[in-house]
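Have the viewer open while you read.

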Amino acid sequence: MGSLWEQTWEKPNFPAQDGDLSTDVLIIGGGMAGILCAYRLHCAGVPYVLAEAETICGGITKNTTAKLTSQHGLIYDKLISRFGIQRAKQYLAANQAALQAYRTLCRDMDCGFEEKAAYVYALDDRRKLQREVNALEKLGVPAEFTDELPLPFPVAGAVKFPNQAQFHPLKFVSGLAKGLRIYEHTRVRELIGTTAVTNHGRIRAKKVIVATHFPFLNKHGSYFLKLYQHRSYVIALQGAPDVDGMYVDASRTGLSFRNCQNLLLLGGGGHRTGKKGGGWRELRDFARRHYPQAEEQYRWAAQDCMSLDGVPYIGPYSASTPDLYVAAGFNKWGMTSSMVSAMLLSDLVQGKNSPYGEVFSPSRSILRPQLAVNGFEAVVNLLTPTAKRCPHLGCALKWNPVEHTWDCPCHGSRFTEDGKRLDGPATGDLKG
């Protein structure tokens, strides 16, 4: 069963590359981040080409819950303690600008755009919510503390962001992508400097943006150490209440809620890719207890790249690749982060400074506790004897009985039962 979004849109079609091409900027990846980069360069009059290996939004974008918000869990207290108040202000300003950009673009577009309040709640620890409110006061955000939510269980409280939004991401893409220079079924097999070798020829560019969810070039930037992937699950329920807002648990393993017309989107059951988790069963058990009259209409799963410190990597791919740029590690906030990426990268490839560059710099310190966890997983799974190995870096694959896939616990590549690639960073199918 596909997501609500992909079942309720008319996908635009684009041709495959036909012969060698030259351009100023090559964008690799046709998800939300890549398409927004293309749109901004198109509006700026910068020659560009977007190359998508399969079809636009056929990967991660179609499986989002499509919240447009600068409230990313309890992030601002952490940002101030890790980076200081100035970088926290940069992060906030970038995401507020992204939300406003969506608001402007959606004004005349039939994409289900609705202004809604966003809430991050906690089941037991009121103190961490109060710390977040205090952090937001330092940043000048009109956030509110509340302990009354229309959810079917008690909470310790919640931090409320007013004037956030939600939308139908694929209907938005349909409206935005018309007239853009996009090539589908055009897989980049190799980068030689800033020339891409594809399955249809070569694309020569002056600058390259890698917007492939998980960066696929291993020899630069150490993204195989800086990122891991996390799966989460969604069911869309008919006959459940309207919660009139967007709600996420402060815990990464908690539940999320939002409505889309007459459906309640219930998310959760998450786990590191390649590990065990609650999956759809956890969500169905919850729905059975709390919404016994509701009926499941859609179900889907999402996969998110998680950075070491909770902040995406947006900017130069590495210090040694001056004409190569990246957008990755959106930490479950892919819609807002995609717009931030487009704003920041469209400035950088034009030689402009971005006011948000410092906080998102991919070259910032990797000395974070998560680095040790990622390293441990890699070592354990490289040493695990098994018949099936991931073609990315050789880690042992684990069978996912819920989705009937082979999943890599190191970096999150996924494959069907017969070995067809589903998710990167692996670039090809299983062999043998």
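The points below go from the inside of the fold to its charged pairs and its surface.

1. First, a caveat: this is a predicted model. Please read each point with that in mind.

2. Start with helix 6, residues 169–177, which is mostly covered, with 7 of its 9 residues buried. The buried ones are Pro-169, Leu-170, Phe-172, Val-173, Ser-174, Leu-176 and Ala-177. What sits over them? The cover includes helix 1 (4–7), helix 2 (32–44), helix 4 (85–106), strand 7 (182–183) and helix 9 (334–348). After helix 6 comes Gly-179, with a positive phi near 85°.

3. Leaving aside residues up to four places away in sequence, Phe-172 touches Met-32, Leu-36, Tyr-102, Leu-105, Cys-106, Met-109, Cys-111 and Phe-167. Phe-172 also belongs to the largest nonpolar core, which has 86 residues; along with Tyr-76, Phe-167 and Phe-360, it touches the most other members. Helix 4 is the top contributor to this core, giving 9 residues. There is also a second, separate core of 26 residues, and Leu-21, Val-49, Val-208 and Ala-328 are among its members.

4. Next, strand 4 (residues 114–122). The rest of the structure largely encloses this strand, because 7 of its 9 residues are buried. Which strands does it pair with? One is strand 6 (residues 157–166), running antiparallel to strand 4 and joined to it by 8 bridges. If you want a spot to check, Glu-114 has Gln-166 as its bridge partner in strand 6. Another is strand 12 (residues 246–249), which pairs with strand 4 in the parallel sense over 4 bridges.

5. On to charges. The whole structure has 20 salt bridges. One of them is between the side chains of Asp-125 and Arg-127, at 3.6 Å from N to O. Is Arg-127 buried or exposed? It counts as exposed, because its relative accessibility is 63%, above the 50% cut-off.

6. Arg-284 and Glu-296 form another salt bridge through their side chains, with an N to O distance of 2.8 Å. This pair links distant parts of the chain: Arg-284 is in helix 8 (residues 279–290) and Glu-296 is in strand 15 (residues 295–306), 12 residues apart. Both ends fall in the partly exposed class: Arg-284 has a relative accessible area of 30%, and Glu-296 has 28%.

7. Now turn to Asp-407 and Arg-414, whose side chains meet in a salt bridge at 3.4 Å, N to O. Which residues join them in a network? Salt bridges with shared partners tie Arg-231, Glu-403, Asp-407, Arg-414 and Asp-423 into one network.

8. Val-379, Leu-382 and Leu-383 make a nonpolar surface patch of about 300 Å². Val-379 is part of helix 11, which spans residues 369–383. Val-379 is classed as partly exposed because its relative accessibility is 47%, and that class lies between the 20% and 50% cut-offs.

Notes: Residues numbered from 1 in each chain as written. Predicted model: local features only at pLDDT ≥ 70, side-chain atom pairs only at ≥ 80, totals over all residues. Heavy atoms only, no water. Patch = residues over 30% accessible without salt bridge, like charges linked within 9 Å, V, L, I, M, F, W, Y side chains within 5 Å. Areas by Shrake-Rupley, 256 points an atom, 1.4 Å probe, with all protein chains shown as cover. Salt bridge = Lys/Arg side-chain N within 4 Å of Asp/Glu carboxyl O. Helix = DSSP H or I, 4+ residues; strand = E, 2+ residues; numbered from the N terminus. Buried < 20%, exposed > 50% of the residue type's maximum accessible area, 1.4 Å probe, protein only. Contact = heavy atoms within 4.5 Å. Pairing = 2+ DSSP bridges. Core = buried A, V, L, I, M, F, W, Y, C linked by side-chain atoms within 4.5 Å.
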